[in-house]
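User: I'm new to this one and would like to understand the words used for it. Could you walk me through them?

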Amino acid sequence: MPATPPISPPISRTTSAPAAQHDNAVSPLGYSSSQDGVMDTIDPLPPPPAGHQGPTEHTPLLGPLQAGEDHHHDAERISFLSLAFLVQGLGMLYPWNALISNPSFFATYLFSGSRWQHAFENWFAFTYLFANACTTAVTLRPVSAAWDRTRTLVAFAANAGVFVWLVVVAGTVSEDDKAGSGREGRDAGDADWWFALMMVAVSVSGVATAIVQSHLFAVAARAASTSKGGTHTTMMVIGQAVSGVIVCLLQLSLTSSSTSDRTAAIIYFSTSVAVLASCLFIYLPMSHVIFAPTPISGDPTPIIPSSEASSLAVSETDTEELLFGQPLLTAVRHPPPIQQVAGRVALYIMSLFLNFTVTLSLFPALSALIAAPPNSPTSQPAFTALLFLAFNLGDTLGRSLAHPAHMPPRTILGVTLARTLFVPVFLTLFPLTVPANPWIPHVPGHVATWVAVAVMVGMAASSGWVAKVCLAEAPAWATRAGAQEADDVRVEISDDEGVESDVRAMVGRMMTLSMLCGLTAGSAGGFLVVGAATAGGT
């Protein structure tokens, strides 16, 4: 067998080992590592010299308590992180929700009288989601912890910069550009210029949000094996839902007070800057907890960086002997390829994608066309705002509900498929404010306001619940599936937390990408559903 580089311990084919020695098995705990799927064994190094403090590493978020660690301090750290993830979830979606909640500002001041006046909303949504999904796909590639943290900080700053610019725009646009103020609106060339600038701004915001979202979901997924791992993901998805509730309440308040479009835009954009600044302020101490060097208690063997671990590859023949031989003394495992990890959580990926496809096909495009009942005490705009508030409250409720631990992915997929029944319910139960498709049967008469609100809450709550379960359970399920695969070939993986952490982080990014693809498909599906529900695709 060829000799290995001096920096690495020599490789040996261990055929037997006392069970007690398994407790000190070595695994690469680097933030990123190669994905060649090779399993090697290494001989333990000699004990370190006297006075040696032991190795440190960038540990996964909230690793297990070490001997002598302050449990009260750790509980405080968990509480801080739970609150921090809640705020970060709010910050992920609040800016975008605020941007699209005042379309009349853009239609009146920036695009008035131009070809973009009635089409910019679709362009905004497509550009934002496309930039978001593409960036998330790129972030699937593992990077170093330092670069991951740096690009996340840059993304926070870039997104805040976009909304600072929007505050300046809203505060400096001229009333002369407003349609109906003695002119028909902006010149075509001027409107095209503003549209191009907004496309750049929306793209930057989409890319920045994707970087932050992918990073934080991956970080939360790394903790999925700890007692609070699923809590961090749950807090983030609840924060995302709460952002919709806050923006919706703010919209109702501004509408009822007859606030001008320009003033409302300044409020929306300035509060977005405040939220993003708060998220950045919280992330700075949060990142020190996430990437804090932690001693490895009771393990005198230095941790092998993933860059060095990749040099320990053995030949195909040696690998076969190791895999089908007796238990190993010490094991160095590399994360499996992306496609193998995706196969472990394929049902979760499908469920999350289908869940958001169904939800976005019905809300907001079709939901905005539901007519208020004749006996409704509210006007049509107020009724629509009430439905939107009901959706956001239901989404928050669903994401807050508990679920059985280790729920099988087939069960989640079954619930997701059952949610497709909301499509015919919306098409046949609710009358629309526009002429309906005569080929679709409708329930005679108008439904009561409380029925419409109840159905909207049910649809949103089920969507939020499925999203929470998929995002919280998939990372842990991937590592359990990986352990089962290892058991099938009789491989000892008693100390493989580093690789499991990388796998969970990979799954966290995969689920984020699945969510974004579902949102994009649902946005497109909304046009199809509205076209099918209305006469002539109104």
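Analyst: Gladly! Let's start with helix α11, whose buried residues are Tyr348, Ser351, Leu352, Asn355, Phe356, Thr357, Val358, Thr359, Leu360, Ser361 and Leu362. Buried means under 20% relative accessible area, exposed over 50% and partly exposed in between, using a 1.4 Å probe and protein chains only. This is a predicted model, where local features need pLDDT of at least 70, side-chain atom pairs count only at pLDDT 80 or more, and totals for chains, interfaces and linings use all residues. Residues are numbered from 1 along each chain as its sequence is written, and side-chain values use heavy atoms, leaving out hydrogens and water.

User: Why are α11 and α13 called roughly parallel to each other?

Analyst: The axes of α11 (residues 346-362) and α13 (residues 409-418) cross at roughly 20 degrees and come within 9 Å. Angles under 35 degrees count as roughly parallel, over 145 as roughly antiparallel, 65 to 115 as roughly perpendicular and the rest as oblique. α11 and α13 are therefore roughly parallel. On the α11 side, the contact (heavy atoms within 4.5 Å) is made by Leu347, Tyr348, Ser351, Leu354 and Asn355. From α13 come Pro409, Arg410, Ile412, Leu413, Thr416 and Leu417. These contact residues divide into seven nonpolar, three polar and one charged.

User: How does the span of α3 compare with what is expected?

Analyst: α3 has 19 residues and reaches 27 Å from its first C-alpha to its last, close to the expected 27 Å.

User: Why is glutamine 88 called buried?

Analyst: Glutamine 88 has a relative accessible area of 1%, so it is buried. Glutamine 88 lies in α1 (residues 71-100). Leaving aside neighbours within four places in sequence, glutamine 88 is in contact with Phe156, Leu216, Cys279, Ile282, Tyr283 and Met286.

User: What makes leucine 284 partly exposed?

Analyst: Leucine 284 has a relative accessible area of 35%, so it is partly exposed. Leucine 284 belongs to α7 (residues 261-290). Beyond its neighbours within four places in sequence, leucine 284 is in contact with Arg149 and Leu153. The C-alpha atoms of leucine 284 and arginine 149 are separated by 9.6 Å, although the two are 135 residues apart along the chain.

User: How many helices and strands are there in the protein chain?

Analyst: The chain has 16 helices and four strands. Both are DSSP runs, numbered from the N terminus: H or I of at least four residues for helices, E of at least two for strands. Of the 538 residues in the chain, 51% are buried.

Terms used:
Expected span 1.5 Å × (residues − 1). Axes fitted to C-alpha atoms, helices over the stretch in contact; angles between N-to-C directions. Nonpolar A, V, L, I, M, F, W, Y, C, P; charged D, E, K, R; others polar.
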